[in-house]
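These are my notebook entries on one chain.

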Amino acid sequence: MTRSLLVFLLYACCLSAHAALDAAQVRQLAAEDSTDKVVAIQQLTQTADIDAVRVLKAMADDNLYLSADQVIIIEGEKAFDAATGKPIKMPDSPETVTVNNRIRGELASALAALKLFDTNAGVRLASARKLQSQVSPAMAPLLARALEKETDSQIKALLTLAHAQANLGNTDPAARLAAVKALAETSSPTIKSVLQPLTEKANEPDNRVRYGAIAAIKSIDSRLQRAENLGRVFSGLSLGSILLLGALGLAITYGVMGIINMAHGELLMVGAYSAYIMQSVFRAYFPEAIDWYLPAAIPVAFFAAALVGVLMERTVIRWLYGRTLETLLATWGLSLVLIQTARVVFGAQNVEVSNPSWMSGGIELLPNLILPWNRIIIVGFALFVLLLVWVLMNKTRLGMFVRAVTQNRQMAGCVGVPTSRIDTLAFALGAGIAGLGGLALSQISNVGPDMGQGYIVDSFMVVVVGGVGQLAGAVWAALGLGIFSKLLEGWAGAVVAKITILVCIIVFIQKRPQGIFALKGRSVD
């Protein structure tokens, strides 16, 4: 009995020690003038009281009402005094406290600031991030208090930036200058836009602060430019990976048979539609495992494209060896057939191929530099396929035969290499690799009947620049063309970039017709 009484007394003491909110401040939340409401919100925010969170959240949720001179919170069938939190009798006809867009923005900032004192580090981190884009000068004292109490280094860095932004409205020029110098160390486009008004004399009378803002913007611009260039390089790597997967097949087929396969882009399309078909199958029959449709589509894309390649080689291309012009026209006709077949089967419009959840999102290296997971995985996938092709070409009997036919077809035939069968297998292998390229392309581009047309020319350029039948040349050429193309697009636009690349390739071929790596052998035609 004595122990229970002691617990009750302690609880009562805690309740009495917890002071209620200022009733006058709470009443001001229901003022007719929006400016008065903003002042009340800012005053309640400075208290850093948990009850202030309760009241401001009720206001943001349109649960704050005015009954006579009392501000109340109504939740369902229950009513509470806003200042004390005590239950009260439900009033007959309470008036809703009007909340416009200006007030909602102030409430969002206030609630984010008050969550900086939450015991959960995740809540504080989310709040600090939110305040990077919505902080007012009135929050400076509260942010200073939060900064003093914060122990987490990541949250503390964000609070430092938010506090500096708040101090940009300080009346003391020294405080404003210190805030500008602190913000100059960031790489955020948002901070740049915050500092921009301070570069004008009409907005900032102090010369030191104004010149400091100008210098800070230049510093931020420099870092933003570096980040953009890094982003272009990464985009070029992902583009080069797609070109590599497309060009590997061409390097094999053109090196072995001398075939200019104008339908190679449509083999990319076959791989992409294989991903779409597997996605549809998983949605219909295995919806709980939909995230794994892409790994399941890898063998389907390879063998579907390889089968189409074998049919092309056996029915048309086999009869045109040594006749370059006729082969070019025939494969161009085959590309039209494949495009029309895709339109009949899947429709003329693009189809949706979604990224699995594990390929969504990205890695944020800088505020304006995010590396998407789908492109990171595509680069890794291309390197994996390249490794498999290298092992196949250099460590297997089939690879030895392919290299022999590439270097000297007549001599290879004389020593017993089945050149006809090698032609078919090489064409199937090249087509299958193109199918894998289409599978990867489906994760970053539209999937439609004409999707292969945009990559066939670039794939041929990779083969020509890299050297016929040379895997190392294809790698260097694909990555080089991808990065060079993206960098030029960022500086001069897509059209000028394409023209410049074509001119550079023409000049390169005139100087080095055999490509980066010349084919080695006693007889190379």
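Entry 1, cavity. I find that helix 3 gives the largest share of the lining of the largest cavity, four residues. Helix 3 (34-47) and helix 5 (101-114) each supply at least two lining residues. I take helices (H or I, at least four residues) and strands (E, at least two) as DSSP runs, numbered from the N terminus. The lining consists of Ile 41, Gln 42, Thr 45, Gln 46, Glu 106, Ala 110, Ala 138 and Met 139. A cavity here is a set of points on a 1 Å grid over the protein atoms alone where a 1.4 Å probe fits but cannot get out, and lining residues have an atom within 4 Å of a point. The largest cavity holds about 40 Å³ of space, and I count one cavity of 30 Å³ or more.

The model is predicted: local features need pLDDT of at least 70, side-chain atom pairs count only at pLDDT 80 or more, and totals for chains, interfaces and linings use all residues. Residues are numbered from 1 along each chain as its sequence is written, and side-chain values use heavy atoms, with hydrogens and water left out.

I looked up an open sheet of five strands, order 4-3-2-1-5, with antiparallel pairing. Strand 4 (87-88) and strand 5 (95-96) are the edge strands, each pairing on one side only. Strand 1 (residues 64-67) pairs with strand 2 (residues 70-75) over four bridges; pairing requires at least two DSSP bridges between two strands. Ser 67 has Gln 70 in strand 2 as its bridge partner.

I count 14 salt bridges, each a side-chain nitrogen of Lys or Arg within 4 Å of a carboxyl oxygen of Asp or Glu. Asp 450 and Arg 343 meet at 3.0 Å, N to O. Asp 450 lies in the loop between helix 18 (419-441) and helix 19 (453-466) and Arg 343 in helix 14, so this pair ties together parts 107 residues apart in sequence. Lys 498 forms a salt bridge with Asp 458, also with closest N and O atoms 3.0 Å apart. Asp 458 is buried at 12% relative accessibility, while Lys 498 is partly exposed at 37%. Buried means under 20% relative accessible area, exposed over 50%, partly exposed in between (1.4 Å probe, protein chains only).

I place Trp 332 in helix 14 (residues 324-346), and Trp 332 is partly exposed at 47% relative accessible area.

Note on methods:
1 Å grid on protein atoms, 1.4 Å probe; cavity = no way out; pocket = protein on both sides within 12 Å on 5 of 7 lines; lining within 4 Å. Points joined across faces, edges and corners; volume = space filled by probe spheres on them.
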